[in-house]
Amino acid sequence: MVGVIVILVAIVLFTFALYNSLVGKKNQVENVFASVDALLKKRYDLIPNLVSTVKTYMEHEKGTLTEITELRAKAVSGTLTSDEKVQLDNKISKMLGGIMVAVENYPDLKANQNFLQLQGSLNEVEEQISAARRAYNAAVTDYNNAIEMVPTNIVASMLNYKRKQVFEASEAERQNINVGQLFKN
Amino acid sequence: MKTLSEIRELYHSVLLPELEVLEGQRKLALNNIIIVASIVFPLALLLAYFIKDFWPMLVGFFIVAGAVAFISKDYVRNFKTGIIEKIVHAVDEKLNYSQAAFIPRSLFSASEIFRHKIDRYRGDDHVQGMLGRTKVEFSEVHAEYETRDSKGRTQHHTIFRGLFFVADFNKHFKGTTIVLPDTAERLFGGLGAMFQSWNKTRGALVKLEDPEFEKLFVVYGEDQIEARYILSTSLMKRISDFRKKTNKNIFLSFKGSKIFIAIPYYRGLFEPRIFRTIIDFAPIEQYFEDLQLATGIVDDLNLNIRIWSKQ
């Protein structure tokens, strides 16, 4: 009788442990996703500064600058679904990359202290975003492994936990990295 | 950065005359050492024979070892000012060399790479200066801890001996990230990774996506995102390459906007020969290579790239 109780208690405790580790992994994913979001916002905050610094120099990119300002306003309005967010973010990344390449045609701008500082901050945020995405992917992989591997998969199916998607480096992102490379001095 | 052929030129034009003078000092020191040894060892042997115990031999050995250090002190000092300092300046004239100084114990401990309590800490051959836009310093360091055996005798055990390198890192960060050689995973594979994740004293395990880097190193960090911000995909590749180039276990940490690198050596660095002639290019080449390994870290890890807000 005592033996049966001991076994039952052990099973219950074991299930609790599995449950807790799963919840921990799920929260870790959400936690890191929030960081990605915060960093994206940090980048959006740099855009108005960047636009106001470069617009006096960049004659031919006036259209792009207006467009990026509009996109940024849309991105921070907070009415978007996460899919739309990602899409918009990709678009902004691509445009920022374009602006940074166009800067090459404006030697005065490249010597502007204010701009150089902004460029540094922007590169930094890009790198942080990429780090946060990698952290997110690591957390998702950890979580996905847990919900597919024995024995956590049993608890996961009871909780109805589903696989999560990892970030994939889009074409625009790969370009971003190249843009950063252009400015190494 | 100089090439080996330039160092060879330096050897023939500048170092050789100096080495010839120093060779005289070395022979003199060696003669004195031989005299001391030929008095101490027979005496020790005789004493050991009469009292039928081994300890006089040990004492004799320590006396001779002490005598070697004492007798060759001036020769070593002259050698370092005459030769090592010139090689350091040949590598980069902006570097400062100080033969007696070393990385302070506080800085060594602050790196958190080795966490054993230090009882004895020594070092020499300190080099510091700016390499491009990066401030670096390094020296030979020997950190030890003490134990006492049942008879109350003190024994010293090495925590770390080798080259300790500190440089200003090119990105800002707040927390601590530690990169250690991955012995567990190399021995036990996936099971090793599991054991590592249980080691909570080092902070959380950071699993990185570069399989080659993961095989060589294990990373602990206070912040998952910051650890990846520091260890960008390109830096991971560069660290793996550096590890393969040196073919040594290397230990790294990132703390207080600095990068710390510890490279163990089982031989002394930048020490002159006593028992063999110094009129030889081979040891000079060795000093140069050891130096270049350290100064080359800046390029190997691309520390001069300042595209982020930190200048």
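The conversation below treats each chain in turn and then the contact of the two chains.

Guide: This is a predicted model, in which local features need pLDDT of at least 70 and side-chain atom pairs count only at pLDDT 80 or more, while totals for chains, interfaces and linings use all residues. Residues are numbered from 1 along each chain as its sequence is written, and chains are lettered from A, ligands being numbered from 1, in the order in which they are written.

Visitor: What is the radius of gyration of chain A?

Guide: The C-alpha trace of chain A spans about 85 × 35 × 25 Å along its principal axes. The radius of gyration is taken over C-alpha atoms, and the globule rule is 2.2 Å times the number of residues to the power 0.38. For 185 residues that rule gives 16 Å, and chain A is well over this value, so it is more spread out than a compact globule, with a radius of gyration of 23 Å.

Visitor: Which residue is the bridge partner of Tyr97(B) in β2(B)?

Guide: Strand β1 (residues 96-98) of chain B runs antiparallel to strand β2 (residues 120-131) of chain B, and 3 bridges join them. In β2(B), Tyr97(B) has as its bridge partner Val127(B).

Visitor: Which residue takes a positive phi in the hairpin of β2(B) and β3(B)?

Guide: β2(B) and strand β3 (residues 134-148) of chain B are antiparallel and joined by 10 bridges. Within this pairing, Gln128(B) stands opposite Glu137(B). The hairpin has 2 residues between the strands, and the residue with a positive phi, near 65 degrees, is Gly132(B).

Visitor: Are α1(B) and α2(B) roughly parallel or roughly antiparallel?

Guide: Axes are lines fitted to C-alpha atoms, for helices over the stretch in contact, and angles run from 0 to 180 degrees between N-to-C directions. Helix α2 (residues 55-71) of chain B packs against α1(B) at an angle of about 170 degrees, with the axes 9 Å apart. Angles under 35 degrees count as roughly parallel, over 145 as roughly antiparallel, 65 to 115 as roughly perpendicular and the rest as oblique. The angle thus makes α1(B) and α2(B) roughly antiparallel.

Visitor: How are α1(B) and α10(B) oriented to each other?

Guide: Helix α1 (residues 4-51) of chain B and helix α10 (residues 281-295) of chain B pack at about 130 degrees, their axes 11 Å apart. The two helices are therefore oblique.

Visitor: How many residues does chain A bring to the contact with chain B?

Guide: Two residues are in contact if their C-beta atoms, placed from the backbone, lie within 7 Å. Chain B contributes 11 residues, and the number from chain A is 16.

Key. Two strands pair if DSSP finds at least two bridges between them. Helices (H or I, at least four residues) and strands (E, at least two) are DSSP runs, numbered from the N terminus.
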